[in-house]
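Hi,

Here is the model we talked about.

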Amino acid sequence: GVDKLKARCEELALQPRGTRGESGGQTGHTYDISNKHRLGYSEVQLVQTMIDGVNKLYEEDLALQKKQLEFPTIQSTHSLVAKHVTKERWDKLCKHTTKTAGFTLAKAIACAVEFDNQHCGIYAGDWDSYKDFAEVFDPLIQEYHGISADAKHTSDMDFSKITGNVNPEAPVHSTRIRVGRSIDGFGLSPGITQEQRVGVENLFKTASANFKDELAGTYYPLTGMEESVRQLLVDDHFLFMSGDKNLQASGMERDWPEGRGIFHNVDKTFLVWVNEEDQ
């Protein structure tokens, strides 16, 4: 992760910076590596430190890439990942990367490898993941949901078939119906690229600008959000936050908070989270 890269650069008298300026953030996994020190060293010393440091980082990166192809130690020993990611399946699939987001099986099972408390422990990085890694995903999904291999999802949006309602005397203050939707051609949260994430946000901005009547409202991007707006969204229990260790390990909080935001209508009865977790 970025924190480990910063710590290693510190040891090598280097510092990683964003590719869009000192404080502008990086693009994907590309960083601008520069000298940490400026004064007290000769030009030759600084250049030599830079050369030696970059070469060392590259050497260690190659070793890490090779290690990542080794069958991992799955910390969540009782998880579905531990059951269905066998060495045979790992050896067959570990070198493959998906077309849409460049996702790998190692990234998909990162949570089960890093933590010991996962039940499932797997995330898809894009639509391709379900097909490319089907030997793992299919049996795992079937076991988790208790469905057969030939099960098909049937959609029924006819609300008139719903009968009854929540008992009005029950101590319920509010209810919500949550629906997650992904967009063809874009990665899912664990694998989505920075460019794709911004693309999703831009698509939603365009779409929400055309919302009419009771759906009309305002989109609030997290990037550059004013404190007064942030506090209001917190008070309304609308704002989603960073810091969840599972989301971090699975790659969902990369490039935080860029490309993420919240939309709600005027009456605050219709809310859309953009690039939060489900897409």
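Predicted model: local features only at pLDDT ≥ 70, side-chain atom pairs only at ≥ 80, totals over all residues.

A quick definition before the strands: two of them count as paired if DSSP finds at least two bridges between them. Helices (H or I, at least four residues) and strands (E, at least two) are DSSP runs, numbered from the N terminus. By that rule β1 and strand β2 (residues 32-35) run antiparallel and are joined by four bridges. Leu14 has Asn35 in β2 as its bridge partner. Strand β1 (residues 14-17) has Leu14 and Pro16 on a covered face, with Gln15 and Arg17 on the uncovered one.

Residues are numbered from 1 along each chain as its sequence is written, and side-chain values use heavy atoms, leaving out hydrogens and water.

Next, the open sheet: three strands in the order β3-β4-β5, with antiparallel pairing. β3 (217-221) and β5 (271-274) are at the edges with a single partner strand each, so one side of each has no neighbour in the sheet. Strand β4 (residues 261-265) pairs with β5 over four bridges, and His264 has Leu271 as its bridge partner in β5.

What about disulfides, how many turn up in the whole structure? Zero (a disulfide being a pair of cysteine sulfur atoms within 2.5 Å). For Cys94, the closest cysteine sulfur is in Cys111, 19 Å away, so that is too far for a bond. Cys94 is also buried, at 9% relative accessible area (buried means under 20%, exposed over 50%, partly exposed in between, with a 1.4 Å probe and protein chains only). Cys9 is buried too, at 0%.

Cheers
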